[in-house]
Amino acid sequence: MVEIEEYWMINNDFFDVKKEDSLIDLYKRIVLEMQDLGGCDILDYGCGAGLLEYHTRNIYKPNFYLHDINKQILKKAADFLGEYHKVYIYNPEEKRKFHGIIFCLVDVCIKNNQSLIDTYEEIFKLLKKGGKLCIGTTHPCFRDESFHGFETSFTRKEQRFEYFTESLPFKLYYGVDSRSIQFIDHHRSLSFTLNTLLKIGFTLYSIKEIKDTGVSIDSFHSQKSPFILFTLKK
Ligand SMILES: C[S@@+](CC[C@H](N)C(=O)[O-])C[C@H]1O[C@@H](n2cnc3c(N)ncnc32)[C@H](O)[C@@H]1O
């Protein structure tokens, strides 16, 4: 078992190519939101191993720019994806602006509220006028549920689910069968996230609440949502 807060800074292997269905569904929904931008420049901010690009390689092929604080995983992602996509490692010195920015499952990694606000402000500056930001994350209202692929310390009753405690650290247990990987995520309420983004200057384009596409009966929730997807415009 891995249990460390700085998980993302040191881990290279977690995101292997085999992913459970509901996450692939989230990736596909994100690129479908971007598709009307055509073959443009899209920045994947916190790209991890580049699995969004890999799993959507047959439906969307823009110029993907990859960015991650973990430079090892970034290099690995760029090497791995080179076979399927035009991918570039994001270089801030180029002062490039993007038609679209993806921020998938990254908000929960950022511990501090001010750092998250600073990151959203940076993303706002990196977007072209009229550009889109897609944020995919675990649904904040259902973090005390068990879903196909993951559950939390709230689900396991190791911790009280204090919905209105912004930046509340919790454990996420990941893995379809064994749930053998665990790391610390940070919870924020829906209103915190939306109001933060609106205050920065984004306009809300759509919210999608994604259904659990898992197959195992005990963790399948047709009426509760594991992931939420915000699409915003500059
Ligand atoms: C849960 S993984 C998600 C990876 C990928 N977006 C996906 O959905 O498959 C979170 C990633 O965000 C990166 N990350 C965390 N904080 C970041 C930050 N402040 N700036 C850039 N990347 C960050 C981590 O290194 C990690 O690779």
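How many bridges join E4 and E5, and in which sense do the two strands pair?

## What you are looking at

This is a predicted model, so some limits apply: local features need pLDDT of at least 70, side-chain atom pairs count only at pLDDT 80 or more, and totals for chains, interfaces and linings use all residues. Residue numbers start from 1 along each chain, following the sequence as written. The helices (H or I, at least four residues) and strands (E, at least two) are DSSP runs, numbered from the N terminus.

## Strand E4 and its partners

Back to the opening question: E4 and E5 pair in the parallel sense, over 6 bridges. Strands count as paired if DSSP finds at least two bridges between them. E4 also pairs with E1, again in the parallel sense, over 3 bridges.

E4 is mostly covered, with 6 of its 7 residues buried. Buried means that 20 or more other C-beta atoms lie within 10 Å of a residue's own; exposed means 12 or fewer, and partly exposed is in between, with C-beta atoms placed from the backbone.

H5 takes in residues 113-126, which makes 14 residues. From first C-alpha to last it reaches 20 Å, close to the 20 Å expected at 1.5 Å a residue (the expected span is 1.5 Å times one less than the number of residues).

Which residues of H5 are buried? They are Leu-116, Tyr-120, Ile-123 and Leu-126. These four sit on the same side of H5 because they cover an arc of only 120 degrees around the axis, taking the directions from the helix axis to the C-beta atoms. An α-helix has 3.6 residues a turn, so residues three or four places apart point the same way. The buried residues pack against strands E1, E4 and E5 and helix H6, where contact means C-beta atoms, placed from the backbone, within 7 Å. Over on the other side of H5, Gln-114, Asp-118, Glu-122 and Lys-125 are exposed.

## Two loop residues with positive phi

Lys-95 lies in the loop between E3 and E4. Its phi is near 55 degrees, a positive value in a residue other than glycine. Lys-95 counts as exposed because it has 7 C-beta neighbours inside 10 Å.

Ser-167, in the loop between E6 and E7, has a positive phi of about 75 degrees, though it is not a glycine. With 15 C-beta neighbours inside 10 Å, Ser-167 counts as partly exposed.

Key: Contact = placed C-beta atoms within 7 Å.
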